[in-house]
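Reader: I want to learn how to read contacts between parts of a model. Where do we start?

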Amino acid sequence: MSIQVAGEKRECVSIDDLLDRIAVTDRVYHDLKHTQPLAEALVERAMQFAPGSRVLVIAPNVTLPAALLELEYDVTLWHVQEGILTPDLLPLAERVGRLDDLVAQQAETSRFDLIILPFVLEATSDHPLTVLTRLRQWVTPGGRILVAYRRPGGISLRLRGLAGQSTIPDVLQDAPAPSFSWPVLPQRRVFGTDELKGWSQRAGLRLETETTVVDRRAALSINALGMGDWLGAQTTHGIRRAFPPLRDCAIAELAPMPKAAWRLRRDNENELHLDRPLVSVLVTRNEQGRLDSLLERLATQSYPADSFEVLVPERDGASRPVAAGKLPFRVLYVPCADLGGPVAANALMRAAAGDIVALTDDLAFPPRGWLDIGVEGVSGMDVAVTGRLTAHGLSALPFIALPGARPIPKDQDWFPASNTFYIREVALEAGGFDESGCTGSRYPLGWENSLPDRLRAAGYSVRFEPLIQLERRFPFPAPGGRRSWMSHEFFQAFELPGLISRKPRLRRNLLWRRLFAARRTMQFDLLLAGLTLAAVFRQPFWLALGLLWLFAIRRYVPYWPLSELRTGIRNLRGIVFRHLIWTTGLVAGSVWSRRLVL
Amino acid sequence: MKVAFPYTGYWPYVRRGVERCTHDLATYLASRGHQVHVITSTPGRPRVAWDGDVKVTYVSQLNHPLMYRYTPMLRVDAFSLKATRIILREKPDVAHLWAYSGIRWASLLRRYAHFRYLFHVSVYWQMSLGRWWFPELKGANRVMALNSDAAEKVTAEFKVPCGVLPPPVDLRVFRPTVPRDPSHPKVFFPVDLADRRKGGSLLLRAWNRVHRECPTATLVLGGSLGVAGWLQDQRGSSALSHLGLVKDPAARAAIDLRGPGTLDSLPDWYSQASVTVLPSIDEAFGMVLTESLACGTPVVASEHCGPGEIIGDPSIGTTVDLRDDSDLVSSKRADELATAILRTIDLARAPGSRERCRDWASAWSLDKVGLRYERLLEEIVSESRPEPAPMRVAEPKELEVQVASEAPR
């Protein structure tokens, strides 16, 4: 078997071949064969690292280190007393003893590119958080920790629960079955993805990926079973193979966070003096933005002015609205080809000096405590936080507005470019914002979400904090004429289904009834449906479907007194026209991306 | 001479007495210029390998949970068919069959395919069931047992003459290799931990007292871990699951579970030990005792069966009255075993103990036993030729005397 690693094909070691060569007794052989699937899965993941990488296996069986040696890794073992190693593997055992003693020792200078923990975290007397915190010190910055653990959602535990048996392990009652493969360690706890993720974050690690795996064969071929038991074992195994969520084992890949991600935490005892990190406020520009107004608001921040700086993109030496010396904080103008969008945001982030970056734009009106609350937000486990976005009184509030152009009153899984805080090092490590798809001054819909999405996928925690509130002026259409806003809105509507397709979580938070771009588009769609059905069936009562929409627009379309009728008709025409542009864009986008949004 | 050793288990998969004896005898014959072929089975893929000059053919093994539940001996029969095919193809001059080699139709092969074989009884069986278990015994060219008691039983049940051929011990491999630390005596249990009859549980019971009276002692469990499918700890009946019998945590901490180790490591383990313990019942011989003695370490074992014949002198070990299953759970016997172990630890400290033990073990040296074995095979081969020589097998009593006279007193 071969697997693709960084575009290169690498031959995987055959555990079957290994088993023919390893000098073990038949009992050991059969146990190793029985647990072969997990060993293969771990080897496959280890192969992401180049030969020669340093690998530490804690509580190993025989096949895993033997396979890693075949692949020319530099293998070190921490061997537990309950385990079995072949004589050729024993010299690799750097530590031998009880599991608790092995993981309790302090870190030395040596570092590992990969640490593998097969069924270890559920067996240690120390809390997994303590163990992971110690192990993090042993991993190189680009390294990984592979944790294989027994899932509470696996079919074995579910069947125990169904049978009325306890699903909480008891080290005295639940003596583990003898095994000559993975060492027989007492299972002290059951945990799932959420717990592991939480422990990892607190330990300065991030849960990058997790996959469920079939960790063993259906039945140990040398253990006598009656027909009923054997059929039961085969059926259960078949279910495990067919339905990944019911598998008993998962392999989680943990990566160390950059130092900044945990250095800033309020519970970091090593950094007690760091109560006021440097913040860089990154200001992206808009055509109708008011930079001077924003800088004036920032000057009133309660956060000490010597602890933050403001970075502004600048093109072709354009005039600077406020003289640098007049502001209590440092303002840095960063030359940039684009004044807004992902290109400017990335350029500013790279030029920033702060541990934390606060992303906003020149249409924002940050309240006095905005930076304080934002800094507090990223002082926990989260590397990115966003908050509420309310409309300033001078905003244009059209009858309908698409995502990205409207206020955010609650968590919608949308991280607006005008009100989000990031830990800079983490954001840069993740690659910053996605710059693809930018054409001229137009940016793809939802570009500001690309970075938080990537961070979340990489195992970091990002969240919505309602206290981080900011007012923003949503401007009227630019004076470029009708065509510019029409094309802008059409393309936004066109891109929305594609965005939902790429990020299904938005469907629940952003869409009305998980299908419509807004409640009003649903009402308009009903009107269109009523008109169509009335025309097809020649039954005017279908027009009643449009009553909802008419009721919704009553404020914008005055019917009385008659002197207002002309204004009402003009408004009605504008609303219908906007709706039609949207509907056309949404339908075209739905067809294009094969995801229905109306 | 082309010699075949068909047997279901062999190294590295099984390393109990029969397999080790096969290895020693096969290696000896190969060193004498004979073509030796061990036909055995593997849980993995079939293959041919070489163990020194000995050719080893591994045929695939039949393993299935249902088979072990309903027809456990099917595995032996399946092996037997494959081994027979190889035997018929290669036509060895003589074959060495052990009690569970499984070639049940060997006597038919002798009659119709000129198959000559020595049958070596390596186990005790329930009297009157022997004919059912070992139908090939009666048709063998020679029948040998590992001790005189078993030989008498064979003669009584099968009405055939049965000689005694004990397993050899290679004195070049098993010799005192490292010094022993008398202040921290090691009690070595080098046999299968999953085999209830080996008395591991009785030893764990005895260990409570041994450790109490000799707190610096360590119990080294260095045996294999059972035989797949047949002798394993599926229902928690072996010593592996009975570590709880050692009640004192300090005594439990003084147990070193090493597993079977390697052949290279065994002489060191024996040499380091102050006493090797084999508190088994129905033991056909007890190779570990002669190996231990060859390494200069005194032994403790049952006074019956094979071990009783080995430990003929109180200056090289101590015996305990262990006869049947009830003795393995008896607290009285556990106490006696503890006394014997403590006595033998003292014995190991006595000057000249090492030399005495090694001298005693020389009675079973590979050079002596191997030569007898080679002659025996040559007799079988020569008597089957057109002018057969009269069969000449030593009677049990005669052989017993022979072995005893070779042992130093």
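Author: With the two domains of chain B. This is a predicted model. Across the boundary, 22 residues of domain 1 of chain B are in contact with 14 residues of domain 2 of chain B.

Reader: Which elements give two or more residues to the side of domain 1 of chain B that touches domain 2 of chain B?

Author: Helix 1 (17-31) and helix 6 (148-158) of chain B. By residue class, that side divides into 11 nonpolar, 6 polar and 5 charged.

Reader: Where do the domains of chain B run?

Author: Domain 1 covers 2-168 + 366-406, and domain 2 covers 186-361. Their centres, taken over C-alpha atoms, are separated by 28 Å.

Reader: Now the chains. How many residues of chain B are in contact with chain A?

Author: The size of an interface is often given as the accessible area lost when the parts come together. Here we count contacts instead. 27 residues of chain B are in contact with 23 residues of chain A. Helix 2 (residues 65-70) of chain B gives the largest share of chain B's side, 4 residues. That side holds 12 nonpolar, 10 polar and 5 charged residues.

Reader: Now a single residue. Is A:Leu254 buried or exposed?

Author: Count neighbours. The cut-off for buried is 20 or more other C-beta atoms within 10 Å. A:Leu254 has 30, so A:Leu254 is buried. A:Leu254 lies in strand 9 (residues 249-256) of chain A.

Reader: Which residues is A:Leu254 in contact with, leaving aside neighbours within four places in sequence?

Author: Among them are A:Arg144, A:Ile145, A:Val147 and A:Arg206. A:Arg206 is 48 residues away along the chain, yet the C-alpha atoms of A:Leu254 and A:Arg206 are separated by 5.4 Å.

Key:
Residues are numbered from 1 along each chain as its sequence is written. Chains are lettered from A and ligands numbered from 1 in the order in which they are written. This is a predicted model: local features need pLDDT of at least 70, side-chain atom pairs count only at pLDDT 80 or more; totals for chains, interfaces and linings use all residues. A residue is buried if 20 or more other C-beta atoms lie within 10 Å of its own, exposed if 12 or fewer, and partly exposed in between; C-beta atoms are placed from the backbone. Two residues are in contact if their C-beta atoms, placed from the backbone, lie within 7 Å. Ala, Val, Leu, Ile, Met, Phe, Trp, Tyr, Cys and Pro count as nonpolar, Asp, Glu, Lys and Arg as charged, and the others, Gly among them, as polar. Domain bounds come from an automatic or database domain assignment.
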